[in-house]
Amino acid sequence: MTSATMTSAPSRQPNALIQAFRRNKLSWLGLALLVFIVAIAVFAPLLSPYDPLAQDILHRLEPPSAAHWLGTDTYGRDVMSRLFYGARISLFIGFVAVLIAMTCGSAIGLLAGYFGGLFDQFVMGIVDVMLSFPTLLLGLMIAAMLGASLENLIVAIAITEMAPFARVARAPTISLKQRDFVEAGHALGFSHIRIMGVHILPNMVSDIVVVGSLWMATAIRTEASLSFIGLGVQPPTPTWGGMIREGFENILNSWWLTVFPSLAILITVLALNILGDALRDAIDPKMRSE
Amino acid sequence: MMRYFIRRLLLAIPTLLAMLTVVFVLVRLVPGDAAVAMLGDQASEANLAALRARLGLDQPLYVQYLGFIGDALRGDLGTSLVSGRPVLEEVANVLPYTLELTAAAMIIGTVFGLPLGVWAALRRNRWEDYFTRLLSLTGLSFPGFVSAILLLLAFAVYLRWLPVMSSASGDPLTHLRNLILPALNLGLIMMAYITRVTRSSMLNVLGEDYVRTARAKGVRPSRLVMRHALRNALVPIVTVVGLYFGTLIGNSVLTEIVFTRPGLGKLILGALNSRDYTLLQGLMIVFASFVILVNIITDLVYSLVDPRVSLSK
């Protein structure tokens, strides 16, 4: 991902984000879509017409109708209700995985950049190797090793996305540690942890958060892909990738089982990517898309 | 050129060693006992002991590590637990299918993505540009299997123009027909990446002084774009195409699974379902080695598109 190369900490105006939104008209579309999906996830119990787990064998594999707007699946479960509850799982996994990757990855980059030397070379060597594995395959390997479950899926995605954050945190740390205020901290006898946590970290936290939001799209895509392969949250819990996996068996006669979850994944990732573009504009004027 | 190539290969050795170490650690991430994970809880103690001995799990960790690195460097990636055949042989059997698919996707992506990116840059901030940007962003947002399923539904299930299953075939014409949908799927995703990078790279170059000078001197627009702008915009494009090779491989795995096409993807899925950890470990090494190799090739291509890149560096 190109986002991994954003390592500088350019000076920004306080309202850079608003300006980026004003420049990039598409970003409003992204924001609207994301708000819509988050609302669906939050209010899933209120919006869902049926229980997402309730089976109704008499009405199995029914095409979209007035009773079931998006049809029913192999067990007669309402596709729309499952789609709404699936939004919760996808967003939750994407958010938590990125949060863990962001915290651990930035800590690794911060330590490597701050202490430098052999430790830095060793750690960043491993980070570079992690970056040379295709994200999906690394996630697949880790998820396969750990076994399929919600927690393991989050861990697998978090590990695959840690390396870019280490890169993002390391570069500003190296330049920040040579600044006067850090020197002054040393002279006053502050501990390394205090200097890193109180004096260096706050200066780059906004960059890290922006990169984090960019990686959420990848996290959600990886989650869907791993669930499709069968390494995700296990049935009957509804997940978008898992729904496509189940629907794929009936692809020849029940298109609605695969098309609707596919569109849900596409719209979510697209919304995050559009927003990511706008945020990238805000963080780095050189990468402006207009 | 040759000397540079050899030096670049030598530089890849530490990366390769580190990669093997990461794979070694990953495989030992299995909670509890790997043998139990493979054979299941019901396996007899004798069977478990036999498997542990076969995998070398009964030996101290450093012996396992040294043995693993030594074998891997000699090209021995172990034998599949299920088929009993060497992992490299399993990979070699299906590799041509995956390579064919990725190559076809690269061609489709470049042939369509490059002109589209140039066009969007030239029509900057008009509706054509907005359309192209939305199109490429949509392409970037597709997980490989989602676009594959939508293509499959449209062209194979409803229009019935192309086969649903893309299994291997001896007849060249059928072979090509089977390749179209999977290649189109991967190619469209690749196209989205290339369009995006080409556009932003072209926009950078078009703002440069030498382009303005050339325009002022009355250079024909087509020549200005092809010779002065695109030639110089190619370096970042090559970098990104190289970087996205990993993504392409990941998506090819999903594409092969959706189209039931032989290849590394099907091999991975089989290994996952049968808990064939040695095969998985071997496949991981093969994939990562490919990415390392592509990085080397990308470096070499730099020198071809940009004479300013000095090979002696």
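**Helix packing and the A–B interface**

Q: Is the crossing of H4(A) and H5(A) left-handed or right-handed?
A: In this predicted model, local features need pLDDT of at least 70 and side-chain atom pairs count only at pLDDT 80 or more, while totals for chains, interfaces and linings use all residues. Residues are numbered from 1 along each chain as its sequence is written, and chains are lettered from A and ligands numbered from 1 in the order in which they are written. A crossing is left-handed if the near helix is turned anticlockwise from the far one by less than a right angle, and right-handed if clockwise. The crossing of H4(A) and H5(A) is left-handed.

Q: At what angle do H4(A) and H5(A) pack?
A: Helices are DSSP runs (H or I, at least four residues) numbered from the N terminus, and H4 of chain A covers residues 79–115. Axes are lines fitted to C-alpha atoms over the stretch in contact, with angles from 0 to 180 degrees between N-to-C directions. The axes lie 7 Å apart, and the angle is about 145 degrees.

Q: How is H2(A) oriented relative to H4(A)?
A: H2(A), residues 26–42, packs on H4(A) at about 105 degrees. Angles of 65 to 115 degrees count as roughly perpendicular. Therefore H2(A) is, relative to H4(A), roughly perpendicular.

Q: Which helix gives the most to the side of chain A that touches chain B?
A: Counting residues as in contact if their C-beta atoms, placed from the backbone, lie within 7 Å, 37 residues of chain A meet 39 of chain B. Helices supplying at least two residues each include H5(A), H10 (205–229) and H12 (256–283). With 9 residues, the helix that gives the most is H12(A).

Conventions. Two residues are in contact if their C-beta atoms, placed from the backbone, lie within 7 Å. Angles under 35 degrees count as roughly parallel, over 145 as roughly antiparallel, 65 to 115 as roughly perpendicular and the rest as oblique.
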